[in-house]
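Me: I have a structure open and would like to go through it piece by piece. Can we start with the holes inside it?

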Amino acid sequence: MNKINYRSELEKCIKKLSDNQCRLFLHSCCAPCSSYTIEYLSQYFKITLFYYNPNIAPDEEYRHRVEEIKRFVAEFKTKHPVTLIEGEYDPKKFYDVARGLENEPEGGARCRKCFELRLAESARLAKELNCEYFTTTLTISPMKNAQVLNEVVQEQCDIYGIKRLPSDFKKKGGYKRSIQLWAEYNLYRQNYCGCVYSRRDAEKRDAEKRDVEARCRSA
């Protein structure tokens, strides 16, 4: 099966837009990932940014990320307006969908269930607010599978009768630009995706790295 170039599909979609500014409902995972995505898409859309991430743990981490996205949206100047909505923070919803998948590797079945949870609620609200298009900032991450994310977004768009905006925001320097904006705006950048399981795996990787470095120094 041929691999789809979602960045190319995104650009084709944008070229077909009418002169009237369409409304885009954009699910946000964090401020650093949202930075370039907002910069790029706000040239073409009126954006409703939806911060909905019940997977994030602990509570203090969630609040820290919320405050950073609020600060960035308030400080960042855009051609067209960006409105931020914070969704309900109910971690139980995440633990319910992750049950039985706690030991899945990062990017596996647990992650897909997490995407489905967050993007289903996002698509539901996008329809309620009469937004024409819907997508997520998640595809800017090199650690996320753009094909899986586009599939999940399409599934929800089919359910709610809205248009999917194809996305692979890391392409064409998107991820690099997000790093530049992160530094420019001094954004908080976490070292794990968000859930307790990704934090567990990140801590394990860090411990293994420290062990290797220690053995190298003692060799």
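Predicted model: local features only at pLDDT ≥ 70, side-chain atom pairs only at ≥ 80, totals over all residues.

Me: How many cavities of 30 Å³ or more does a search of the whole structure find?

Reply: The search turns up 1 cavity of that size. The volume of the largest cavity is about 80 Å³.

Me: Which residues line the largest cavity?

Reply: The lining is made of Asn55, Phe94, Glu106, Arg110, Cys111, Cys114, Phe115, Arg118, Cys193 and Cys195. Sorted by class, that lining has 6 nonpolar, 1 polar and 3 charged residues.

Me: And pockets? How much space lies in the largest pocket?

Reply: The largest pocket holds about 470 Å³ of space. Its lining has 23 residues.

Me: Which of them lie nearest the centre of the pocket?

Reply: Ser141, Met143, Lys144, Tyr192 and Cys193 lie nearest the centre of the largest pocket. Cys193 is also one of the residues that line the largest cavity.

Me: Which helices supply at least two residues each to the pocket lining?

Reply: Helix H2, residues 31–41, and helix H8 each do that.

Me: Let's stay on H8. What span should it have, and what does the model show?

Reply: Helix H8 has 23 residues, 196–218, and at 1.5 Å a residue these should span 33 Å. The C-alpha atoms at its ends are 33 Å apart, so the two values agree.

Me: Which residues of H8 are buried?

Reply: Tyr197, Ser198, Asp201 and Ala202 are the buried ones.

Me: What do they pack against?

Reply: They pack against helix H4, residues 91–98, and helix H5, residues 109–128.

Me: H5 again. I clicked on Ser122; where is that found?

Reply: Ser122 is in helix H5.

Me: Is Ser122 buried or exposed?

Reply: Ser122 has a relative accessible area of 0%, and the cut-off for buried is under 20%, so Ser122 counts as buried.

Me: What is Ser122 in contact with, leaving aside neighbours within four places in sequence?

Reply: Ser122 is in contact with Phe25, His27, Phe50 and Phe134.

Me: Changing topic: where does His80 lie?

Reply: His80 is in the loop between helix H3, residues 59–75, and strand E3, residues 82–86.

Me: Why does His80 count as buried?

Reply: Its relative accessibility is 14%, and buried means under 20%, so His80 falls in that class.

Me: What does His80 touch, not counting residues up to four places away in sequence?

Reply: His80 touches Gln21, Ser42, Gln43, Tyr44 and Phe45. As for Asp158, it comes 78 residues from His80 along the chain, and their C-alpha atoms are separated by 27 Å.

Me: Now the whole chain. How many helices and strands does it have?

Reply: The protein chain has 8 helices and 5 strands. From the N terminus on, they run α-β-α-β-α-β-α-α-β-α-β-α-α.

Me: How does its radius of gyration fit with a compact globule?

Reply: With 219 residues, a compact globule would have a radius of gyration near 17 Å, and the chain has 18 Å, which agrees. Along the principal axes, the C-alpha atoms fill a box of roughly 65 × 40 × 40 Å.

Me: What share of the residues counts as buried?

Reply: Of the 219 residues, 46% count as buried. Among contacts with a separation of 6 or more, 76% are between residues 24 or more positions apart.

Terms used. Residues numbered from 1 in each chain as written. Heavy atoms only, no water. Helix = DSSP H or I, 4+ residues; strand = E, 2+ residues; numbered from the N terminus. Expected span 1.5 Å × (residues − 1). Buried < 20%, exposed > 50% of the residue type's maximum accessible area, 1.4 Å probe, protein only. Contact = heavy atoms within 4.5 Å. 1 Å grid on protein atoms, 1.4 Å probe; cavity = no way out; pocket = protein on both sides within 12 Å on 5 of 7 lines; lining within 4 Å. Points joined across faces, edges and corners; volume = space filled by probe spheres on them. Nonpolar A, V, L, I, M, F, W, Y, C, P; charged D, E, K, R; others polar. Rg over C-alpha atoms; globule rule 2.2 N^0.38 Å.
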